[in-house]
Amino acid sequence: MEAPNKKIRLSGGARRLIKEKEKAVKGNQSILSFLKSNSQEPSLEYNRSEEEDNPPTLPTPDIITEHNILPPASFLKEELLIQTSYMLDDSKHKQADLIPFNDNIPQMDNCSSSQTNKQIELAQNVSYSTLIDRCHDYQSDPYLFIDTVLTPQIIRTLVEIGPYQPGFNSNNYVFEENECGKKFSPNCYQWSNPNKGVSNFRKGNEKIIKHEKSKDHRDAENEYLILKSRISKDKTIQQNLMKVQKSQIEFNRSVLKRLIDLSLFLSTNGLPFRGHREDINQDTQSKGLFIKIVKLVSKYNAVLAKHLAESNRNETYLSPKIQNDILKCMADETLHKILNEVKQAKYFTIIVDSTIDIGRIDQFSFSLRFVDQQGDIKEHFLCFEATANDYFVIIKKLMEEYKLDISLCCGQAYDGANTMSGRFSGLQSKIKDVSPLALYIHCCAHNLNLVLIDSIRSSINAVSFFGILEALYTFITNSLPRLKIFEEQKKIDGLVLTLKQLSETRWASHKRVVDSVYINLPAIVTSLKRISDGELLNIKLKTISEAQGLLFQIMNFKFSFLLVLWKNILEKVNILSNYLQNSKIDLITAHDMVSTCFLDISSLRNEEHFLKIKCNATELCGQFGGNNNFEQGRIITKKKIHGENNLENIIESADENFKCNTYFVILDSFTNTLKHCFEDFSNIVKKFEVLNPKKMSKENIDENIISIQNLSTFYNVNVDEVDIEVKYRSFCLVYHQVYDEVEPLKLNEVLKFMISRDMVSSYPNLYTLYKIFYTLPVSSATAERSFSRLKLLKTYLSSTMTEDLLSNLAILSIESNTAETINFNKVISTFVSMKKCRKLL
């Protein structure tokens with residue numbers, strides 16, 4: 001037998017909470033007291049336990065959209081959480097409708113916390129609503145709001161619905177009886193005759209008449225009629241406040257868009273933002289470009305002018321911290337667009353390199369290469385990182401930060417440093433441990449530069465030749481009087497090209513140095529003669545001696561011959577070097593270019609080309625009166641021991657001696673080193689030669705099938721080995737039908753050919769192989785270009801900038817094409833979510 005229900009005695013804390021709740025509903029206390037004592041509706045009785053076990057099926061709620069109920073700005077901040085906390089929990093209120101609030105809810109002035117901003121943002125994304133019971137014929141029944149705070153938006157909704165008067169328009173309406181068998185009568189609402197409807201109340205007639213004549217009743221009636229009229233005409237105070245706040249938001253956003261645009265202009269062009277004094281109100285010349293441009297634009301733009309004139313000092317959005325926040329928001333949006341393309345592409349390759357910046361910090365450049373959905377090859381810079389840790393640790397951290405799967409990395413391109421290319425402990429080996437299919441490709445541009453350096457060092461005459469070029473540049477440019485003589489002589493001869501400095505790390509520096517000396521050689525010789533003759537005042541004897549020594553070296557025919565020879569070699573090498581630095585190039589095309597360069601250099605190794613170069617060198621010497629023949633040096637014989645053969649192949653001819661010991665040595669060294677350095681690269685290219693349309697002939701189909709099977713076996717994780725043979729034969733057949741007796745399809749157009757003709761779904765495995773092939777990099781030139789931009793961003797005056805700011809400026813500057821397409825509204829939304837806003841945004 002169940003124990004009888006006992007009266008629960010509440011604790012002091014519970015009673016205090018009840019009192020606080022009663023204070024919260026103070027605005028409608030008199031109505032609640034009347035309803036609690038005189039009104040109970042049996043139709044609303046329910047059994048909580050039964051309802052929890054068998055929840056009723058709720059009808060689809062209707063949304064009241066006639067008028068959007070808008071709270072005043074001062075009320076929204078305080079009542080936003082209160083409204084949700086007082087939502088009715090009883091099951092009788094679960095069948096409720098959402099009255100949507102206006103989507104353009106403004107934020108409060110002087111928002112003091114990020115929590116309030118989040119609440120208001122929630123109110124913008126989720127319709128701010130009140131619960132209105134739609135299961136009853138009369139939604140404005142005061143009984144339904146006993147436990148609800150009568151907020152302004154609820155009151156206005158009830159005004160729109162109208163008063164609760166069941167049976168007012170029909171005398172036949174029958175009220176429901178309560179548990180005592182009592183019920184109301186429609187005559188209770190016949191207020192035109194006060195003698196009816198109040199017979200059970202003592203002196204009710206007098207009280208009603210007195211109430212109707214009271215000032216409170218008349219004021220309330222007037223306010224009710226005025227409010228109802230304003231609501232019907234949509235001219236409420238809240239609507240006017242909303243329009244003012246909406247216009248203020250639009251104005252503030254327009255100001256911020258202009259500041260974002262100015263920041264984007266400075267960052268994409270690599271210009272500095274700040275100066276020594278950043279106060280816009282101070283008249284000083286040491287302001288940064290950002291403040292100066294803002295003041296300049298404000299002279300011709302009314303929006304910025306009004307913003308600067310009316311904003312408080314801490315609300316101008318011009319401080320260095322705000323500038324950094326805007327840069328970060330723009331950089332994040334740019335990075336987000338790039339990463340979206342990478343994730344859509346699926347496969348990617350890593351391109352990294354490092355250098356020392358002006359602040360003596362080792363900067364790690366990180367870039368990615370991928371193929372987009374249209375079949376275009378893209379390489380994008382992502383960030384700089386200070387290399388305090390191992391390179392692999394940095395890459396792993398970046399992969400996690402960017403939410404990229406490193407197992408989808410199919411290639412990696414670095415230079416030849418041991419920390420990068422080491423087979424056992426280098427970066428490439430660590431990447432292969434987590435992504436076995438990530439092929440390592442030594443940067444072809446770096447490789448070509450190494451070939452050039454080795455060929456120079458192969459001959460003492462070649463080393464001496466480039467030493468003379470460097471000494472010549474230093475001698476002329478380190479003294480202003482000597483440089484002035486050289487400039488005067490150039491004007492006389494009608495020359496414009498200046499001398500260039502030699503650098504082993506700059507890939508094109510050798511060609512620029514040789515070309516400048518080749519063009520300016522007559523002017524150089526004349527200038528050295530004038531210096532040797534003592535034309536300069538107060539000239540030192542050492543200077544005269546150096547000029548005479550350089551002049552003697554230049555007048556030698558050997559110098560002119562090597563100048564012509566290296567001009568021919570470097571012209572071919574420079575074409576290849578520039579082509580290898582192209583981000584759109586693929587492996588097979590790059591390999592064909594390397595092979596072409598190899599054949600061109602090899603073709604110089606014969607008697608015919610030797611005589612042709614000698615003839616050109618003779619013509620060059622005739623321009624300044626140099627020697628026209630090789631000088632035979634002293635023949636040195638080696639000492640022989642007893643019994644050793646004394647016969648030696650002594651070359652007495654100076655021409656033959658130079659040809660064998662210098663000319664052939666330089667060419668042989670270049671070709672042999674080129675073949676050796678690109679051996680690994682050639683092995684990788686052989687795996688993908690089967691994808692070249694030139695190899696898709698009917699005669700080579702059987703040989704190609706073996707190659708495509710080997711390639712599919714290597715990429716067995718991503719490609720179906722069984723299906724690839726059939727699909728490859730079918731694709732070759734389609735290709736020959738489309739391009740029969742027509743110019744063959746170029747290799748870099750095959751993927752676009754498949755996409756444009758909707759062949760991706762028909763040949764998914766072949767499409768994957770082509771995509772991986774195009775994704776593989778040829779060089780790490782993208783990382784090298786980022787270092788060129790790094791020198792412009794981090795200068796002597798800005799050497800202490802933080803790594804985050806440097807990386808943000810770098811991505812906006814390097815990826816300027818992508819940065820200029822970002823959505824400013826998204827940037828503003830990110831900016832608002834970052835910090836407390838002093839203004840409505």
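Predicted model: local features only at pLDDT ≥ 70, side-chain atom pairs only at ≥ 80, totals over all residues.
When I say helix or strand, I mean DSSP runs numbered from the N terminus, H or I with at least four residues for helices and E with at least two for strands.

Okay, the strands. S4 covers residues 362-371 and pairs with S3 in the antiparallel sense, over eight bridges. Pairing here requires that DSSP finds at least two bridges between the strands. Within that pair, Val352 stands opposite Phe366 in S4. S3 and S4 make a hairpin with five residues between them, and Arg360 in the turn has a positive phi of about 60°. S3, residues 348-356, also has strand S6, residues 409-414, as a partner: that pairing is parallel, over four bridges. There, Thr349 stands opposite Gly411 in S6.

Back to Ser365. Is Ser365 buried or exposed? It is buried, at a relative accessible area of 0%. For the cut-offs, buried is under 20% relative accessible area, exposed is over 50%, and partly exposed is in between, with a 1.4 Å probe and protein chains only. What does Ser365 touch? Leaving out residues up to four places away in sequence, its contacts include Ile351, Val352 and Asp353, then Phe381, Cys383 and Phe384, and also Ala783, Ser786 and Phe787. Contact, by the way, means heavy atoms within 4.5 Å. Ser365 and Asp353 are twelve residues apart in sequence, yet 5.4 Å apart in space, C-alpha to C-alpha.

On to charges. A search of the whole structure turns up 21 salt bridges, a salt bridge being a side-chain nitrogen of Lys or Arg within 4 Å of a carboxyl oxygen of Asp or Glu. One of them joins Asp372 and Lys378, with the closest N and O atoms 3.6 Å apart. Asp372 is buried at 6%, whereas Lys378 is partly exposed at 24%. Glu341 comes in too, linked with Asp372 and Lys378 in a network of salt bridges.

There are also salt bridges within helices. In H21, residues 557-580, Lys567 and Glu571 are four residues apart, about one helical turn, and their side chains meet at 2.8 Å, N to O. Why would that spacing work? An α-helix has 3.6 residues a turn, so residues three or four places apart point the same way. Glu571 is partly exposed, at 32%.

Helix H18, residues 480-493, has a pair of this kind as well: Glu487 and Lys490, three residues apart. Their closest N and O atoms are 3.6 Å apart. Glu487 is partly exposed at 30%, but Lys490 is buried at 4%.

Let's stay with H18. What are its buried residues? They are Arg482, Ile485, Phe486, Gln489 and Lys490. They cover an arc of only 140° around the axis, so they are on the same side of H18; the arc is taken from the directions from the helix axis to the C-beta atoms. Helices H17 (460-477), H19 (509-532) and H20 (541-555) are among what covers them. On the other side of H18, Leu480, Lys484 and Lys491 are exposed. Just after the helix, Gly494 takes a positive phi of about 75°.

Last stop, Asn704, which is in helix H26, residues 701-714. Asn704 is buried, with a relative accessible area of 6%. Residues up to four places away in sequence aside, Asn704 touches Val690, Lys695, Met696 and Tyr728. That's my tour, thanks.

Methods. Residues numbered from 1 in each chain as written. Heavy atoms only, no water.
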